[in-house]
Amino acid sequence: MALLELDEIHTFYGNIEALKGVTLEVEEGECVTLIGANGAGKSTTLRSISALTPARTGEIRFRGKDISRKAPQDIVQLGISQSPEGRKCFQRMSVSENLDMGAYLRRDKEIGQDRQRVFELFPRLEERRTQKAGTMSGGEQQMLAIGRALMARPKLLLLDEPSMGISPILTERIYETIAEINKQGTTILLVEQNANFALGVSHRGYVLETGKVVLTNESAKLREDPEVQKAYLGT
Ligand SMILES: Nc1ncnc2c1ncn2[C@@H]1O[C@H](COP(=O)(O)OP(=O)(O)OP(=O)(O)O)[C@@H](O)[C@H]1O
Ligand SMILES: [Mg+2]
């Protein structure tokens with residue numbers, strides 16, 4: 001049984017059918033990438049999993065149990081957290097306060113330990129712990145959004161376009177950290193338009209076109225695929 005299974009999910013915004021039967025799975029320990037052009041439905045897939053835009057039909061299973069009728073906070077409590085598209089940091093709150101927000105459903109005593117882990121993964125956040133998120137650079141806010149998601153201590157981490165609007169050098173650093181997070185045992189489902197980095201860290205990938213999975217393979221194979229190269233790798 002895979003850790004996460006999406007079974008023929010259909011998700012709508014009003015009358016617009018953004019996902020037209022998406023089926024995919026993520027095994028425990030894997031890093032999986034979802035690539036696709038603007039409007040393909042990448043963010044909608046992650047939003048469906050997090051119940052922010054719930055699927056209308058189909059099933060989403062986590063550890064074999066249907067979670068598609070659950071509320072967003074229940075999804076987080078089950079062990080799935082998300083770093084959303086556009087980062088969505090709380091602009092007037094400090095770095096530390098943003099990280100605390102990521103742990104707000106937790107009642108255990110290990111929150112401090114996890115904050116320390118985030119600081120080890122992203123030393124820049126520790127340097128800037130009292131700085132307001134809104135005054136940080138785009139790349140720093142991206143680190144903060146990932147750190148905040150990690151503060152929920154997820155089993156499955158969802159990342160929506162971690163490279164968006166960030167310089168290639170910083171993107172490389174962020175991707176090194178994503179690989180490290182995966183190596184430390186967190187399963188990752190990653191969404192990217194810029195597929196180069198994403199296919200570099202992930203084990204497998206799915207290609208999404210207008211709400212449907214059109215191709216899936218090992219990441220190394222997808223990188224060699226001429227169609228994928230032409231459409232998503234800019235080569
Ligand atoms: N709030 C909304 N209201 C109406 N339609 C929406 C809404 N959000 C997304 N859509 C539509 O759903 C489809 C899928 O959008 P989605 O945001 O999932 O794409 P994406 O693959 O994440 O694209 P991008 O790479 O631009 O982020 C698009 O046709 C989009 O116009
Ligand atoms: Mg998107």
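Predicted model: local features only at pLDDT ≥ 70, side-chain atom pairs only at ≥ 80, totals over all residues.

Me: What lines the second largest pocket?

Reply: A lining residue is one with an atom within 4 Å of a pocket point. Here the list runs through Asn38, Gly39, Ala40, Gly41, Lys42, Ser43 and Thr44, and it also includes Tyr13, Ala18, Glu85, Glu161 and Gln193. H1 makes the largest share of that lining, 3 residues. By class, the lining has 3 nonpolar, 6 polar and 3 charged residues.

Me: And how many residues surround ligand 1 itself?

Reply: For that, look at the residues with a heavy atom within 4 Å of the molecule. There are 14 of them around ligand 1, and the closest are Asn38, Gly39, Lys42, Thr44 and Glu85. Strand E2 (16–26) and H1 each put at least two residues into this shell, with H1 giving the largest share, 3 residues. The shell splits into 5 nonpolar, 6 polar and 3 charged residues.

Me: Which atoms of glycine 41, glutamate 161 and glutamine 193 lie by an oxygen atom of ligand 1?

Reply: Check for N or O pairs within 3.5 Å. With glycine 41, a backbone N or O atom is 2.9 Å from a ligand 1 oxygen. Glutamate 161 uses a polar side-chain atom, 3.1 Å from an oxygen of ligand 1. Glutamine 193 also uses its side chain, where an N or O atom is 2.9 Å from a ligand oxygen. As for cover, ligand 1 on its own has 630 Å² of accessible area, and the protein covers 63% of that.

Me: What about the largest pocket: how much space lies in it?

Reply: About 610 Å³. It has 23 lining residues, and those closest to its centre are Leu52, Val76, Gln82, Pro84 and Arg148.

Me: Which helices and strands supply its lining?

Reply: At least two residues each come from helix H1 (42–49), helix H2 (72–78), strand E6 (80–83), helix H3 (95–102) and helix H6 (138–150). H2 gives the most, with 4 residues. Sorted by class, the lining of the largest pocket has 12 nonpolar, 6 polar and 5 charged residues.

Notes. Residues numbered from 1 in each chain as written. Chains lettered and ligands numbered in written order. Heavy atoms only, no water. 1 Å grid on protein atoms, 1.4 Å probe; cavity = no way out; pocket = protein on both sides within 12 Å on 5 of 7 lines; lining within 4 Å. Points joined across faces, edges and corners; volume = space filled by probe spheres on them. Nonpolar A, V, L, I, M, F, W, Y, C, P; charged D, E, K, R; others polar. Polar contact = N/O pair within 3.5 Å; in protein donor to acceptor, adjacent residues only side chain to side chain. Areas by Shrake-Rupley, 256 points an atom, 1.4 Å probe, with all protein chains shown as cover.
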